Every structure is written in C-alpha cells, then in structure tokens.
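Please read this briefing alongside the sequence and the structure shown here. It is written for a reader who is new to both.

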Amino acid sequence: MLRFLLFSLLLTAVFFQGRAQDYSIIDKRAIRYFEEGEGYLLRRQLPEAKEKFKEAYLRSKDFYEAYIRHAQILLSSGQASEALEVVKMGQSRLAIKESDFFKGKMGWLEGQIYLQMGDFPQALKTVTENQPFFTPEFLESEAYQKKKRQLEIIAEGIKNPLQLKKERLPAPLNQFRLQYFPVLTADGQRIFFTKRDGISPRDHEDIYFSNYENGHWTSPEPISVLINTRYNEGTCTISADGNLLIFTSCDTPDSFGSCDLYLTEKIDGTWQKPENMGKEVNSRFWDSQPSLSADGSTLFFSSNRPNGEGENDIWYAERQTDGKWSEAKNMGEKVNTSGNEVSPFVFFNNTILFFASDGHDGFGGKDIFLSRFGPKGFEKPENLGYPINDQKDQLALFITAEKDYAYYTENNYSLDRVDSSFLYRFDFPQEIDLGEKIIVTEGRVINEETGEPVDAMLSLVDLDKDSTLYRFKAEGIDGTFTMIYPDQAFSGLYVEKKGFMPKIYNVDRDSLKNRKNLEVKLEPIASGNYFVFENVFFDFDETSLKPASESSLNRLVKFLDDHPSVAILIAGHTDNVGNDTYNVTLSKKRAEKVRAFLIDAGIAGERINTVGKGSSEPLRPNDTEENRSYNRRIEVEIQ
C-alpha cells in the first residue's frame, strides 16, 4: 500500500510540473497548513499530515491541492470511502472556468479510488470521462502508461470474467487474526498453514494443520514441537506423500540470513528434527515461501538475495541423486521483474508454475500468474484473469491435484498495514488448462517374508529417454506411499531398497494408474530368490536389445554395484511359438546379451551366469497374445 502512496505522489508531481510553488489560492495561513502537511508527509507521519491538509481546505474552500493530498493519504491508508468523500467535496468546489487542470487531477484520483474499492466499471467510466482534462505531460509519463495498461487489462477482464465462487474456509479454520499460505496433501485431507499471533512483523509465527474428517475440518493444531519453536516458523511445502516438509524459519541460531529454509522428514509417523538446507539453497538474505514439486525433485522459493531481477525473485534448486540440493538458480527475466515475485506454487505435473507478482501487468496489487514449462524453460507468464485477480493482493495459491479447488490467502489492510488475513478457496475454472489428468497410485511396500513395512524408493521412468521423471518414498511406519503424476506414457516403475530384490513394473501393462491398494512385496536378497526383469525388450525372433531396455539394464548395474557380494543367474524365457530346441537357443542368446551389457558396464563376468529355458516355465497359459507376452521375459536369480 505504501507503494501506492508513492505512486500517487509521483502522479501529482507530474501533474504539477511547471507550477513551481504556485497554488490555487493566496491565503497564506492555508498555504502554511498545506506545507506543514507536506513536511509531515515526508516524515511519513500520516495522521498529522491528514489533519494539516484538512485544516488547509477548511480554511480556504478552493484549495484544490489540499483536497487532493488529503484524499491520497486516505486512499493509501485503506480508507477509500473517506477518500472519495474528500474528492467529491473538492470537485464540488471547482470553479466553472479555468479548472481543467484540477478537474483532470481529481478525476484521475477518483478513478484510482474506484479501482481500490474494486468498482472496476465505475473506475473505467471515470477515467474515460476525465481523460480530456489530463495534461500532455501526464499522458506521456511512464506512470500513466503503466496505469493505462492496467486499465486495459481490467476492461478486458470484466468483459470476459471467469465463472467462479470465492468462499472463506469455514470454522474452525480462520479462527485467528492472521493465517496464510495454505498447502494441502495430495489427497486433500490435510491442510497446513502459517498462523501469526498478531499484526506486528515481530509477532510469533507457527505452522498449524487441520484434517478433513466426516465432511468437516478439525480444529487446527500446531504441527510439532520439533518444528514450531520460540523462533518464527511458517510458509511450508509438503511432498505429495506427506512425508517431506520444507518450511521457513527466521532468526534461528544456525541460519545464514534473516530467514532460511529447513527440511524435515516424517519417519515412523514422527517428524524429525529439522535441518538447515545449507548454503547451496540459503543465503545471507531473506529466503522463504517454498514450493516442492510433487516428486520432491525441485524446490522453488522466493528470495531478495542480490544478482536477481528485482526486489523479490523466484529461485529454484534441484535435488540430486545423492539427496543433496544443487546451488539455487534464478528463474530469469521471463518470470522475474524489477518488482516482487513471491509465493511460488508448482502444480503436481511439475510443468506449471504459479506465483504472485506486482511487476507484471495486472489488475492491481499482487496478481497471480502462471508460467508453463516449454522447450526453452518456463515461458512468459499469463495473468489468471478476473475475478481470481482483483484490486486486492492475491497470494499463496494452491491447486488440488484433482483440479477442483484452488486455495489462497486474502489480506485486509488498515492504515497501510495488513490488518488480517484469511484462507479462501474457489472452484478452479476449467478454462485454465492445467495439462494432463493427474494420476494417483497409492499402496504399501512390505517385506514378502515377514510382512513388515519397507521404506523403499519408487521411481517412475521414461524408458525411451532412460530418465527418471518422478521419485517417491514409502513411509517407514507402515510402508505406505502416494505417487502423483501426470497421465503420460510412463513405461517403468522401479521399487528399490538396499538389501532387497528390486520389483519392476510396466505401468500400462500392469494397470498401475489410479490404483488405491497396490501391494508391493519385496524379497530380501537370498540365494534362490528371483525377480522378473521387466522392461527388457527384444524384437520378435531377435536377440539384439532394443534401446528402451537400457534404463532397466542400468538399474541392474546399480543393484549389482550396491551389493558387490551378489552373484546372479540370468534366465531367458520364451512363449511356446516355435520348437523347443529353437526357443531354448533363442532364450539363451538373449540372456547372453544382457550379460554382455553388464560386463561392458564394469560388472565382473564371474558374477554372472546365464541359462536359456525356452518355453518350459510359462507364467501364464500360452492361449492369448497377452499371456504369451508375459511369458517372453528375462528373470534374475540370486545364486
């Protein structure tokens, strides 16, 4: 809001160019009141300034400059209705002749008041009617051109509004004066938010959560005594499975700057002691408002560190294969501006980034924008439109995986300060394309021999590109996992844990999409145990490995590297098409091709034996092509 005050004063300066210290009146006492008010204004003593400007126009009813200044301060303090009354009073005092300058000045200010009140049609009408009275200098100014673009966006937005209904979240949520930055787990059954004890920046912040049970939200509770401390904690993000939390903590003893990002994991149902994410992510400045991609691979956040594009920028860091985080990088000038870009949120498909900005052209204050990931990175942002964005600050958007609701924070202001903030939601409009349908696969990983849970890693892989696109972790206390990913042509799912045989799936063939009860049984490594080596492909009647096999083969290389004492038998199998002798030979040759790949990758040949079993051990009857495809396989047995 203070930015608006300074902007208003800039516009006034443009209007008054060339007038020096000439005023619309000659009453010296009224002028003295006005100049005393200017002094208070420079010192930001707004109540005293307002009183002096009021005294000035009460002393001299034709003192138009005093009406304007008083109204500007009222407007910047969030008192739009009072500001409108002052402007209307001043307009009623305008002389019939030689008043075009002040008519234009008050008309422009009246339009800005309507903008802040959210009466967009009246704002557009007022500005249009008064445009003939604006000075040439003002019309050519950068400040006017920026406001003109805003008015054009507003005109288009209200002509084609999105159909949605905003609603404040019901009790027992929103029971505090300040709550903000909502995030939800992938299933939408738990909401986290930041709660502040008062409106002062020094007031205490903590992270709270509430569960959705039997159609209602439960009473909010603090997240954990290990996370909420005597320092300020807030603005968090959580992985899709609810087991990894990254949050902001300020002024802690081990911080690098004013606010840093911290990470904690839930193990056996309990949040662990948080750790500072380190100097690769954090800086000596303000680092806050994190958003973690659904698979936990990329972290977006806002920071005012130097070497950015503006005041606050969006930065990102990537999680490496060893679990450490890369050095944070700036999102660049397409996303960031000379203004403020804050509260990033990356949607569950990892390809759409939402954020709030007052630097991109919008409806006023901070608007919410989206940027789509394209061939050259994140692209030019799009304004989400009206009425998602309006005259207020829109912050902290969170969209559910089902795309049904968007949650956000709305601030209320008083005297140039946030007076309260509450959690809202709206039904997300279908007109805004969020890409492919989001798929959810839920289940648990257990030890096949004991039935105990296993905290395995699950990786969704694009076999054609040999790239891991999404990684998820099963929770240790009961082995449960939630995988959330876009409906793309994923080929492989690998479930791995050191000390166990890997489990390999073909996502489409094994019908894993939208499964709610997938039970993955991992066998401990032991002689005689084996697994079907899925996603190793040969052309019909051929022994050469297809390129899409490389991803699985590399996984087997890693498995053998992680378990150097393990020796394996690679068994080739065919269906029953062809004679037995030919099928045994074919299956043996295919097993040898796998062995050759492993040796080329550095695995000692004496650890790898092969056998061809032809069609002697079918998994399914060879009565359909689908069943025969299951029988054509490679198996790996521990020796």
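This is a predicted model: local features need pLDDT of at least 70, side-chain atom pairs count only at pLDDT 80 or more; totals for chains, interfaces and linings use all residues.

Residues are numbered from 1 along each chain as its sequence is written, and side-chain values use heavy atoms, with hydrogens and water left out.

**Helix H11**

- Helix H11, residues 580-600, has 21 residues and spans 30 Å from its first C-alpha to its last, close to the 30 Å expected at 1.5 Å a residue (the expected span being 1.5 Å times one less than the number of residues; helices are DSSP runs of H or I with at least four residues, and strands are runs of E with at least two, numbered from the N terminus).
- Asn583, Leu586, Ser587, Arg590, Ala591, Val594 and Leu598 are buried in H11, where buried means under 20% relative accessible area, exposed over 50%, and partly exposed in between, with a 1.4 Å probe and protein chains only.
- Seen down the axis of H11, these buried residues fall within an arc of 130°, so they line one face of the helix; the arc is that of the directions from the helix axis to the C-beta atoms.
- The face of H11 turned away from its buried side carries the exposed residues Thr581 and Asp600.
- The N-terminal end of H11 is capped by asparagine 579, which has a side-chain oxygen 3.2 Å from the backbone nitrogen of threonine 581.

**Salt bridges**

- The whole structure holds 28 salt bridges, each defined as a side-chain nitrogen of Lys or Arg within 4 Å of a carboxyl oxygen of Asp or Glu.
- Aspartate 27 and arginine 59 meet through their side chains in a salt bridge of 3.0 Å, N to O, and this pair links distant parts of the chain, with aspartate 27 in the loop between helix H1 (2-15) and helix H2 (28-42) and arginine 59 in helix H3 (residues 46-59), 32 residues apart.
- Within helix H11, lysine 588 and glutamate 592 are 4 residues apart, which separates them by about one helical turn, and their salt bridge has its closest N and O atoms 3.4 Å apart.
- Glutamate 635 forms a salt bridge with arginine 633, with the closest N and O atoms 2.8 Å apart, and both of these residues are buried.
- Arg32, Glu36, Lys52 and Glu55 are linked in a network of salt bridges.

Methods:
A polar contact is a pair of N or O atoms within 3.5 Å; within protein, one must be able to donate a hydrogen and the other to accept it, and residues adjacent in sequence count only if both atoms are side-chain atoms.
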